Amino acid sequence: MSGPLVSETCPDPEEVSDLKSPLSSRFREPLTHARFQELFGGEKEPELPAEPCSPWLCRLWRRRACSCSGPGAWRVLQARLPPLRWLPHYRWRAWLLGDAVAGVTVGIVHVPQGMAFALLTSVPPVFGLYTSFFPVLIYSLLGTGRHLSTGTFAVLSLMTGSVVERLVPEPLAGNLSGIEKEQLEARRVGAAAAVAFGSGALMLAMFALQLGVLSTFLSEPVVKALTSGAAVHVLVSQLPSLLGLSLPRQIGCFSLFKTLAAVLMALAGSSPAELAISALSLALLVPVKELNVRFRDRLPTPIPGEVVMVFLASVLCFASSLNTRYNVQVVGLLPGGFPQPLFPRLDELPRILADSLPIALVTFAVSASLASIYADKHSYTIDPNQELLAHGVSNLVSSLFSCFPNSATLATTSLLVDAGGNTQKTDGGRRTWGSRLSGVQGDCFKATLAAQLAGLFSCIVVLSVLLWLGPFFYYLPKAVLACINISSMRQMFFQMQELPQLWHISRVDFAVWMVTWVAVVTLSVDLGLAVGVVVSMMTVVCRTQRVQCLALGLAEGTELYRPLRESCKLLQVPGLCILSYPSPLYFATRGQFRHILEWHLGLGCRSPKLGSLPDKGAGPIRVVVLDFSGITFVDAAGAREVVQLTGRCQDAGICLLLAQCNALVLETLTRAGLLDRMTPEQLFVSVQDAAAHALERLTTDPKICTVWV
C-alpha cells in the first residue's frame, strides 16, 4: 500500500485547497474523457446515404471506380515503376559518368563473384552469371533502393546449395560418365531454379497481403548473427576446393563439423598445386580488400582485386597446363548466349516450398535492412512492400532462365556506393570527388547514386562476358573462385567487432546475437534463423513481464508527476495513490498487473518482486488514479482484469479513476463492460485532471495532511 514516508502537521482546509492549485483548480475544472470529447472531439464526418437496393460488393466496386482517375492511375504507376519518378529529374551530364563508373566496376566484380557463388549453390559457374544479369535488370525497373546492388549472395547460395544437395544428391559410386554428369547438373539447376521460383512466389504472395511489416520481426542482431554464422559455413565449405579435395558436400544439422572431420581425414590427399594457388590468391585478395577499405576516400574507384586474380590465375594455368599436368580443376567452357526459358517442374514445388520460405525471409530481410541503412543515410525513403514486389518478380522471372535465388548483396552495394556514389566536380581547378545534392519539387530528394541506372551498366558488363568473353575463363582454377568466396565474407566476419559495443548498449540484444550465431554455426542456417526469431520474440515477451508499476507524486511548484523513487521533493497526499503501469496489458501480464495493484492498494497479501516497498504505516487508500498512458494495447483477458479490479475497489470503498487511456484501449475496456462498473466521470484525459478531481473528493476529510517525500 502506497502511503507517505514523512508526516507533518495537518494544515487548515483552506491551505489544503491551495495545495491543489498546481493541479489547475484555479484555472479550469478537471476534464473527463467525455467532457474533452464534447469540447474538442470535432464533428463527425457526414455519412453517405445508404443504397439498400445494391449489394455491398457492388457499392464497394462503384466507390473504387469513382475514386480512380487519371492522376490516381499515374501515381499508382509511379509507385510500381520507381524510375518514372526519378528519371525525369536525373542530371545526365553531371551524374551519368559516376553511375557508369560504378556500374562497370560492380559488373566486373559480378563476373568472378557470380561464378564463385554458383559453386556454393552446387550448379555450374555459368548460372552464376545468369543470376548476375536477369535479377539486376529486373530490380532496376521495380526497386526503390537507390543504392542497392542485387545479384548473387553467399548466404542464399549456401542455403540453396543445401537444398539442392538434399534433393539431388551425388551418387555414392562416383566416377560419373560425361552424360551422367550432365544429367546430374541439369537436375541440380532445375532444383535451384525451382527454389528461386518458390521464394519469388512467396514474396509476391506477401506483397499481395501487404506484409512488408514482417521485415521488422527480423531484428538487427538476428540478421547480423545470421550472416556472420553463414560466413563460417562458407569458409568451411570451401576448404575442400582450397585443398583440391573431392569430398561430398555435407548437409543438415552439424554439417560444419562433419565437413571439418572429412577434411581432416582426407588432408593427406590434398593437391599441392591447388593449395599453392589458393595461398597465392588469398595473399593477393585479402590485402587488396584491406587497401580498398583503408583508402576508400583517396581511391577514385576500388581496386578490382578479384578481376586481377582471375586474369593472373587463368594466364598461369594456361601457360603451365596445370589442369593436365597437376589435375587442377578449372571452370571449363562457358556456354555463350542465354539459356532457353524453362518453367520449373510443378511436381517439385511442394517439396521445396518449406525450404523456399526461409530463403524468401532472408532475401527480404537482408535487402530491406540494407536498403533502409542507405536510405536513412542519404535522406530518402523506401517502400518495403514495393521491395517485396521487386525481389519477388526478380526471383520468379529469373528462375525461368535457370537462375538461383538472389537478393541485395553487402559487398557489391558498398562497392557501388564507393565507386560511383560521388561525382566529379571542379574545386579550385582540381578534380575531386564530391557529393551530389539536389532538391526536386520541394521533395527531400537528395540526389544520390541511382543504383537502378548503374545496374544497367553492370548488366552490360555481364552480358559481354556471356556473349563474347566466356572462352577466356576456360582455364580459371576453381580454387580461385573458392578464395573469392572466402574473401567476400570479410564484412560478415568483421561484424563480430560490434559485439563489445552491443554488450555495452543492450545485453539482451547481445544474448540474442550470440544464441543466433551459435545456432547457425552448430545446426544450420535455416534452423539458426528460426531459433534467432523465436529467441528475439521471447525477449520482447519477457521484457513485458519485468516492468515496474511506478507510484507517482507531484513535483513541488509544478504540474509534473514523477516516480517517488526520484531524489527530489515530491508531494503526496494520504489516501491518494497514483500509479503508472508502463506495459501492454494482455494475457501474459494480467497476473502481474493484478498482484501489483493488490499490493499497492492493500487488496491482497501477495507482494511483487519488482517495485519499491510501500510504507506500511500509511493510512488506507481512498482514491487511486491509474495512469494508462503506458498501456499501448489491451486484450480480452487484460480488459476483464481491469473490470474485475474496478469491482474489487468498489467493494473495498476505493474510488478508481483512469487517466490517459488511448482510444483503442478505452474501446476494448468499454466492450468488456467497464462502464457497467464505473461512470464516464471517472475517465480523465490526464493524470493532473484525475488528481485534481481526487483532491476535491479528499478535501472534505479533516484528517488529510500533506507530506513531503
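What follows is a conversation about a predicted model.

Biologist: How are residues numbered, and what pLDDT do local features need in this predicted model?

Modeller: Residues are numbered from 1 along each chain as its sequence is written, and side-chain values use heavy atoms, with hydrogens and water left out. Totals for chains, interfaces and linings use all residues, whereas side-chain atom pairs count only at pLDDT 80 or more, and local features in this predicted model need pLDDT of at least 70.

Biologist: Which residue spans does UniProt list as "transmembrane region", and how far apart are the end C-alpha atoms of residues 189–213?

Modeller: The unreviewed UniProt entry lists residues 92–111, 118–142, 189–213, 259–283, 303–322, 444–466 and 510–538 under that name; such annotations may be inferred rather than shown by experiment. In the model, residues 303–322 are 85% helix and 0% strand, with end C-alpha atoms 27 Å apart. Residues 189–213 are 80% helix and 0% strand, and their end C-alpha atoms lie apart by 32 Å.

Biologist: Is Ser122, which has a positive phi, buried or exposed?

Modeller: Ser122 lies in the loop between helix H6 (92–120) and helix H7 (126–131), where helices are DSSP runs of H or I with at least four residues, and strands are runs of E with at least two, numbered from the N terminus. Its phi is near 65°, although Ser122 is a residue other than glycine. Buried means under 20% relative accessible area, exposed over 50% and partly exposed in between, with a 1.4 Å probe and protein chains only. At a relative accessible area of 14%, Ser122 is therefore buried.

Biologist: Where is Ser402, and what is its relative accessibility?

Modeller: Ser402 is placed in the loop between helix H18 (384–399) and strand S2 (407–408). Ser402 has a positive phi of about 65° although it is not a glycine. This residue counts as buried, at a relative accessibility of 13%.

Biologist: How many aromatic pairs does the structure hold, and why is the pair of Tyr586 and Phe587 classed as it is?

Modeller: The structure holds 12 aromatic pairs, a pair being rings of Phe, Tyr or Trp (its six-membered ring) with centres within 6.5 Å; planes under 30 degrees apart count as stacked, over 60 as edge-to-face and the rest as tilted. Tyr586 is buried at 9% relative accessible area, while Phe587 is exposed at 60%. Their ring centres are 5.3 Å apart and their planes stand at 80°, so the pair is edge-to-face.
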